[in-house]
Amino acid sequence: MIAVAKAIISSGLEKADILIAVSSMDKYAELIKRLFPQFGLSVRFIDSPTADTIPVVTLLLDLLHVVSLTDPDWDDIAPLFLHPLCRPDERLWEYDIFRRRHPENDCPPPDSIRAVMKKITAPDINELPDLVDAFLETVQCDLKDDDNTVSAMESFYNTLKEVLRDMELLGFPGDIRFIYREMCTRLQSKNIRCKTHENGIPVVGYLDSLGLDPKKLFVMGMAEGDIPRRETGNPYFVPDRHYSLILNRHFMKNWLQLGDKVTFSYARHGEDGSEQQRSAFLEELRLKMISAGTSGSRRYKLLYYENRPIEGNFLLAQRHNEILSGKMDVFSGQVRERRNIFQIPVSAVDTLLACPMRFYYDRILRVQPGDEDESAYRAKIAGTLIHAVLEDFGKEGGFSLSEEQAIELMRTSIEKVFSEANIDRNDPLIRDRFRYYILNLEKNSKENCLVSLLEWNRKNCQITGRFHLKKIFPEDRCPLQLKFADVEVSISGIIDKIMINETLKNVIVSDYKTGNIQSDFKEYMRAQLYLYTRKSLEMYPGYTADAAYEQIKKPKIHGGGEGLFLYTHIDGKFGKMKKNGEELSTAINVLTFHRLLEKLFSLISGGSYYITDRTFETACNYCPHAGLCRKDSRLRHGHDNGPSGLIYGQGETNE
Amino acid sequence: MNSGPMENITAGRGEAGLATGSCYHWCLEYGWFDIKAHREELENRLREEFPEVRTEKILEECGILLDRTIRNPLYKILNDPHIEKYQELSLSGWLGKGNDLLRVNGKIDLLYRHEGKWFILDFKTDAGTENLDSYKRQIRTYQWMIKQVYGIDAAGKLYFVRHDRHIDVEEDSNYFDDLPQGTGYRPRLPRARVKAEILIPELNGKKTILFCPSAYHAEQVFLSLARQRMMRPSIRITTPGKWLQRSTISCLSGDHLRMMILKESINASRGFSELMAVAISNTELSKGKLQPEFRGLYQRISGLRSAAGFASEAERYKDPALWDLPGGTKVGFIDLQPPAPLQAELEEHIKEKTEHFSASLLPRSSGTNSYSCIEAFSPGKK
């Protein structure tokens with residue numbers, strides 16, 4: 001689709017000279033409507049929409065459906081009264097949520113709904129048109145006075161009259177359910193008159209492309225099955241000839257006569273991801289293959305604004321204008337101001353290591369993510385709650401209790417934290433979302449993350465009863481100070497748990513992780529844990545410091561205690577401890593790590609930020625600034641061998 | 001202004017007024033000035049399109065309006081075979097402003113040439129003249145459309161039949177500034193996607209019917225001819241499917257057929273009725289055969305259909321009205337797709353009865369044997 005849009009732009013032809021023919025409007029119309037305007041291409045469809053796709057008609061069909069039922073329940077009524085055109089109020093939405101949460105509770109709907117329902121129950125079939133009028137008036141539908149709505153309403157009323165007349169003519173009994181189904185069938189094939197933009201590139205079906213001689217014809221959907229199209233399998237009919245094949249051959253004959261004016265296109269994959277074969281009709285042709293290509297989409301997308309600067313003081317407009325001006329400026333990570341002091345949280349060090357450009361957007365430009373990812377937001381809320389439960393549990397001495405007592409205390413902590421957050425633990429949706437923490441909270445359970453966490457702590461940590469929870473080291477008071485040649489970095493952070501072994505003079509700093517961590521980000525996690533150990537050595541002089549991160553997301557992760565990862569220092573390296581307790585698996589060289597940080601901070605202190613040299617795809621995954629970042633800036637600045645490669649290779653330095 | 005029975009007629013309002021107006025226009029279109037002779041046809045049409053009105057009352061009113069028309073000099077024009085005239089002439093026009101292009105559709109009641117001058121006339125059955133301004137705008141719209149597509153300068157007239165009054169529509173220099181779409185729009189024809197020059201030698205002023213493969217193709221041929229100032233009201237551009245609608249044979253629709261199957265076949269599902277309706281229709285169109293076990297059902301359906309007074313879709317193709325065209329009519333077949341059997345028969349009948357030609361608007365030879373092909377990853381996004 002995008003490739004076709006690009007080819008249209010590249011052709012340099014005017015819209016009036018181009019024609020697009022598609023094998024199926026159902027398949028392509030929506031995609032074309034959505035994608036082509038992004039490339040500044042307006043299109044117009046020769047086929048007008050069918051009545052059943054217009055909102056007011058869907059509402060009226062819902063009404064007929066409700067009327068056709070003898071004893072409709074809320075599931076039947078809800079689509080009608082919650083239809084946007086009925087402007088449902090807050091109370092109705094709340095009622096709907098309540099009914100879905102408590103399907104067993106047969107609480108009656110609000111009075112206003114019952115009043116309408118009384119009016120629309122089981123009328124005589126000839127009263128249906130009046131009933132529709134009365135309903136629209138009663139619920140005061142938000143009907144627009146546009147041509148499409150008016151045509152669709154007309155189409156609905158006329159079809160209803162036709163159905164009633166036909167039923168009378170053919171002697172059908174007055175069954176409203178039959179009328180509803182008949183209306184659904186007929187409205188699917190009723191096209192409505194609607195206004196079109198005459199100036200867009202016309203999109204037509206294959207049949208409408210016959211005999212036309214545009215300057216350029218793009219034939220989309222040249223995939224086997226779409227052309228030649230399979231004969232429709234009607235089990236009650238034996239065709240004399242293969243009409244589809246004859247017609248499809250005729251299409252090809254027509255198009256080939258246009259010579260190089262025609263460009264065929266097909267997709268290797270269908271919308272559902274299934275493989276598609278190129279049409280056999282193309283097999284015998286000499287084809288100049290044009291690859292979809294991946295570069296230059298920004299150049300094409302700029303055409304959406306016709307390459308003009310946009311007025312406005314918002315980031316996307318500023319970025320657009322920067323690209324248009326041809327400058328490598330703010331959005332390319334170029335700042336003139338020099339910084340010698342950085343005050344950052346420990347997570348920002350991770351960000352810096354992951355991608356200096358992301359650090360730049362987060363910490364320097366302080367850009368808020370444009371779109372909040374709902375799933376990420378929910379995960380964040382869940383993480384905060386579980387952290388709070390473990391904090392409360394720890395404060396009450398839970399880690400020192402016997403297993404039974406600890407589990408009982410964990411239940412109390414969950415109840416307390418959830419109730420403070422006003423979250424109903426008995427809500428089926430909440431129970432499902434927190435199932436790995438709330439359910440099966442019993443001794444020896446393998447299905448509960450918190451039980452597993454208690455087990456690891458007992459098995460792996462030599463706890464003597466002293467520990468600190470949620471140890472905060474803010475940036476303005478006792479931060480972790482890192483000093484490089486001409487840069488000073490103050491790092492703040494929150495350590496979830498510090499376990500202190502007085503006998504061995506050892507502390508273990510621990511961090512809870514309730515989410516997924518990408519495999520490459522686990523590497524950066526080591527940096528965070530390393531910095532925590534640095535801080536704990538300051539806080540507990542004379543002690544050795546190890547670290548752990550405890551991943552509590554799903555029970556299956558924890559098979560064999562895999563959710564607990566212990567990190568330690570051996571021979572100037574810091575890394576994950578192997579089971580024998582002496583060797584390290586992937587580790588960072590502490591000296592090299594410090595050099596890397598020094599190099600990174602000296603680079604960015606000069607005002608030059610750049611994208612990490614990891615492959616773009618990985619670097620930009622989940623990056624909230626991917627929509628703003630100018631991904632080409634790295635190449636322009638020649639950071640071809642980014643410094644992050646110094647230590648994150650095969651687990652060891654490759655300096 | 002005449003007086004008489006008109007005073008007793010209630011003002012045409014709402015559904016009844018609309019029905020009277022429509023009935024009057026049908027009579028003008030088909031030349032049914034003797035309402036008694038065509039009462040049945042009119043009643044059927046009224047019942048179909050205005051089921052809620054009393055047909056008797058409408059026909060009575062319509063009769064009075066027709067009497068008034070017969071006494072008017074217009075009647076002579078309507079019945080004079082030597083006067084070039086076009087009734088119920090559908091046409092489109094285009095307005096442009098910058099990159100915007102608007103299409104305007106309309107239907108002219110009567111376009112005629114009298115003493116070398118063209119006239120656009122619209123019949124109005126209103127009781128009053130309160131809508132006069134909007135009717136004048138309507139006529140002015142027709143005027144620029146006629147000029148744009150046919151190159152004809154026509155004078156505009158309104159005929160208020162209830163009052164037996166003719167009103168000339170004068171020019172309005174502010175017309176294009178007062179368009180509801182906004183100012184700045186002027187007539188502008190879009191570019192055509194066919195080159196119809198090849199048809200020009202065939203268009204010799206006679207009545208011509210051009211059959212095109214699709215409605216879109218027909219529109220493009222129309223545009224191409226209009227741009228070359230070769231389009232005339234005597235040229236009708238249509239498709240074989242649309243031409244079939246001219247048949248006056250009452251045919252059973254696909255919906256009726258489906259409903260009959262549902263009624264006749266016990267426990268028939270909706271899916272079955274839909275497929276069976278297509279199978280029966282295709283069988284009647286000689287595209288193949290119905291599976292033998294369903295022939296009993298088909299016979300019952302045929303019986304019911306005949307009893308209800310409907311013909312099969314196939315019978316429409318055999319309606320002489322489709323090929324018995326006025327003398328001197330010329331028919332052109334342009335780039336048509338291979339026809340189904342009955343359509344082939346219809347085409348043969350037309351060819352036998354009329355002067356005809358076939359043409360292709362496609363380039364004769366592409367001169368290339370290499371074609372471009374885009375291979376994309378998916379129809380959506382990469």
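Student: Which residues of helix α7 in chain A are buried?
Tutor: Keep in mind that this is a predicted model. In α7 (residues 128–138) of chain A, the buried ones are A:Leu128, A:Pro129, A:Leu131, A:Val132, A:Phe135 and A:Leu136.

Student: And where do they sit when you look down the axis of α7(A)?
Tutor: They fall within an arc of 160 degrees, so the buried residues line one face of the helix. On the other side of α7(A), A:Asp130 and A:Glu137 are exposed.

Student: What covers the buried residues of α7(A)?
Tutor: The cover includes α3 (55–68), α4 (74–81), α6 (111–120), α8 (147–170) and α9 (176–187), which belong to chain A.

Student: OK, new topic. Which residues touch the most other members of the largest nonpolar core?
Tutor: That core has 75 residues, and the ones touching the most other members are A:Met222, A:Trp255, A:Phe264 and B:Ile237. Helix α5 (residues 132–150) of chain B gives the largest share, nine residues.

Student: Switching to B:Asp109: is it buried or exposed?
Tutor: B:Asp109, in strand β2 (residues 100–114) of chain B, is buried yet has no salt bridge. The nearest side chain of opposite charge, B:Lys124, is 5.7 Å away.

Student: So which side chain makes a polar contact with B:Asp109?
Tutor: B:His25 does, with the two side chains joined at 2.9 Å.

Key. Residues are numbered from 1 along each chain as its sequence is written. Chains are lettered from A and ligands numbered from 1 in the order in which they are written. This is a predicted model: local features need pLDDT of at least 70, side-chain atom pairs count only at pLDDT 80 or more; totals for chains, interfaces and linings use all residues. Side-chain values use heavy atoms; hydrogens and water are left out. Helices (H or I, at least four residues) and strands (E, at least two) are DSSP runs, numbered from the N terminus. Buried means under 20% relative accessible area, exposed over 50%, partly exposed in between (1.4 Å probe, protein chains only). Lys and Arg count as positive and Asp and Glu as negative; His and the chain ends are not counted. A salt bridge is a side-chain nitrogen of Lys or Arg within 4 Å of a carboxyl oxygen of Asp or Glu. A polar contact is a pair of N or O atoms within 3.5 Å; within protein, one must be able to donate a hydrogen and the other to accept it, and residues adjacent in sequence count only if both atoms are side-chain atoms. A nonpolar core is a set of buried Ala, Val, Leu, Ile, Met, Phe, Trp, Tyr and Cys residues joined through side-chain atoms within 4.5 Å. The arc is that of the directions from the helix axis to the C-beta atoms. Contact means heavy atoms within 4.5 Å.
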